[in-house]
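Hi,

Here is the structure I promised to pass on to you.

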Amino acid sequence: LVGRWPRELRDLREPEARLRQRRRASWFVTSFDAVAPGRTEELISELRKSEELFRTICENAPVMIDQFDDAGHCRLWNRECERQLGYTLAEIEACDDPLALFYPDPADRERVLERLTRADGEFREYRVRAKDQSFRTQMWADFRLPDGSLISVGHDVSDQRATEGQLRQSQKMEALGQLTGGMAHDFNNLLTIVLANAEVLERELGASSALVQTSVREIIAAAGRGASLIRKLLAFGRNQMLALQPLHATALVNELAPAFARLLPDAIRVRVEADATIPAIRADQGAVEQILMNLVTNARDAMQGAGVLGLLIERRWVEPAQARRLHCQPGEYVAIVVRDDGVGMDDVTRARMFEPFFTTKKGAGTGLGMPMVFGLMAQQGGAVTVESTPGEGTEVALMFQVEATASARPELASSGGRKILVVEDEAALRRVTTTILSQEGYEVETMPDGLYALERLRGEHQIDLVLCDLTMPRMSGVQLFEALDPNTRPSFLFVTGHPTDEAMAKIRRDETVQILQKPYKVDQLLSAIGAILAAQDEAVAG
Ligand SMILES: Nc1ncnc2c1ncn2[C@@H]1O[C@H](COP(=O)(O)OP(=O)(O)OP(=O)(O)O)[C@@H](O)[C@H]1O
Ligand SMILES: [Mg+2]
């Protein structure tokens, strides 16, 4: 409708067109036509009515409407124009070159002028500068009136465009998450084979050749790096499983410092400071590495080439009031603090930094770093605090829970006479697991999938523990678990490279179930098995 009436206005000059208008019962025209010649008062009153109608619509329509005469003076600037662009009619009238206000780039101005001259009534997208100097995305169409003036009608689509951008971005992340999720399963299987075989080799080698030992250690380290890479990719799909365990923050930070230094230009120095006594924290090593990498990268960007990056490890006490704010438990925490002397943040940036996709690094940032940090810290039962002063720097403190039983390693059961059934579809993985467990003194049987295992576990089975892959052809680990009678079912230790949320949620509820993330170190596997068997012993004794 809006796009039509100015053209109809132009038509008003021709009598046939007027007739056509009347047939359509347009408010504008019929009232004029009804006026008999010579009745001026009636004409004026009709004009007033029409003017009133027009003004009410124009002022209250949720679209921007403006009019500039052929000399470039502003004649009409409705309320929506004022709301969206910030300028009042008086301000626009007082301005010599209103176009320059809205389009600071001369090239843009030229393009806009060309379109204004054409005034073809087509809506096109423009990037318009508002009074607060922010740029808005707006659709505008221009129409020429018979008196030579220009009417422009526009609406703001900035929010819509921003949402579309975010949606595209999150769809991209989701696709990436699905892709890596699918890959992670196979990839983690391969890494587990590499890692486990290398560890078997390392044990067998003893003190033989230093050169071979070094090579084996390199293989183990590379497999470890591969595993952490997969973890990072999985974090995007939010299907990362964290294994919380006692960690020594200072040792970890010292271990990572060289990797951080490689990330930073020479003129940025890294300084690690730690309290003398720091209790162990409860955290996932991969997650902590990932978090610190993100924070160090942010600090690097903020320091613009030079400065001091502090990594501090200290004890902190969280009071109940602060705990409520941070959504964590009050009490003692270990803080790993990343402190930079970079550009800092103003209040607006500081308030928005945890928003997904919020970034001030145009084109260079995804704005996912801090949301990931926040999510991973929450998942570990910790919290994040940020302090920042523009021009002075930023301090991000990662608050980790203190591990209460850090030194009390669980008593492991002896392996003698214990029977483990390994259910795993990957033959190489079955072989190496058998090697490791046999070396430890366990009796080992293997099955290539859930259905075979089900046959084996029905009736008398004498199996103490099932070490079971989650994803397998024919029958998955969860299906196997559920197909067995809970009264005679042995304990299960699931290993998985890519836990699907659904399957995980189901089996997590069962207390006789433990889960180990692939790829695991031999130590982790053995202590998980040892702990489960020890719990069985305790249950029998109690
Ligand atoms: N140490 C810091 N100093 C100053 N500003 C920071 C600091 N850390 C984060 N910010 C601000 O918070 C914003 C969001 O950070 P975040 O890590 O989530 O995204 P990003 O670094 O912009 O992009 P990405 O991490 O995805 O590459 C940054 O764009 C920056 O404005
Ligand atoms: Mg970042």
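V288 touches L247, L252, A283, I336, Q380 and F400, leaving out residues up to four places away in sequence; contact here means heavy atoms within 4.5 Å. Before you go on, keep in mind that this is a predicted model, where local features need pLDDT of at least 70, side-chain atom pairs count only at pLDDT 80 or more, and totals for chains, interfaces and linings use all residues. Residues are numbered from 1 along each chain as its sequence is written, chains are lettered from A and ligands numbered from 1 in the order in which they are written, and side-chain values use heavy atoms, with hydrogens and water left out.

So where does V288 belong? V288 is among the residues with the most contacts inside the largest nonpolar core, which has 38 residues; L292, L295, L309, I336, L398 and F400 are on that list too. A nonpolar core is a set of buried Ala, Val, Leu, Ile, Met, Phe, Trp, Tyr and Cys residues joined through side-chain atoms within 4.5 Å. Buried means under 20% relative accessible area, exposed over 50%, and partly exposed in between (1.4 Å probe, protein chains only).

Among the elements that give two or more residues to this core are α11 (249–263), α12 (285–303), β9 (307–318) and β12 (393–401). The names come from DSSP runs, numbered from the N terminus: helices are H or I with at least four residues, strands E with at least two. Helix α12 gives the largest share, eight residues. A second, separate core has 23 residues, including I420, V422, I436 and Y520.

Now the rings. Rings of Phe, Tyr and Trp (its six-membered ring) pair if their centres lie within 6.5 Å; planes under 30 degrees apart are stacked, over 60 edge-to-face, and the rest tilted. That rule gives seven aromatic pairs. One of them is W77 with F102, stacked at 5.9 Å centre to centre and 10 degrees between the planes. W77 sits in strand β2 (residues 74–77) and F102 in helix α7 (residues 98–102), so this pair ties together parts 25 residues apart in sequence. Both W77 and F102 are buried.

F354 and F374 make a tilted pair, at 5.4 Å centre to centre and 55 degrees between the planes. F354 is partly exposed at 22% relative accessibility, and F374 is partly exposed with 44%.

Last one: R127 lies over the face of F135, 4.0 Å from the ring centre. The rule is that NZ of Lys or CZ of Arg is within 6 Å of the ring centre and within 35 degrees of the ring normal.

Cheers
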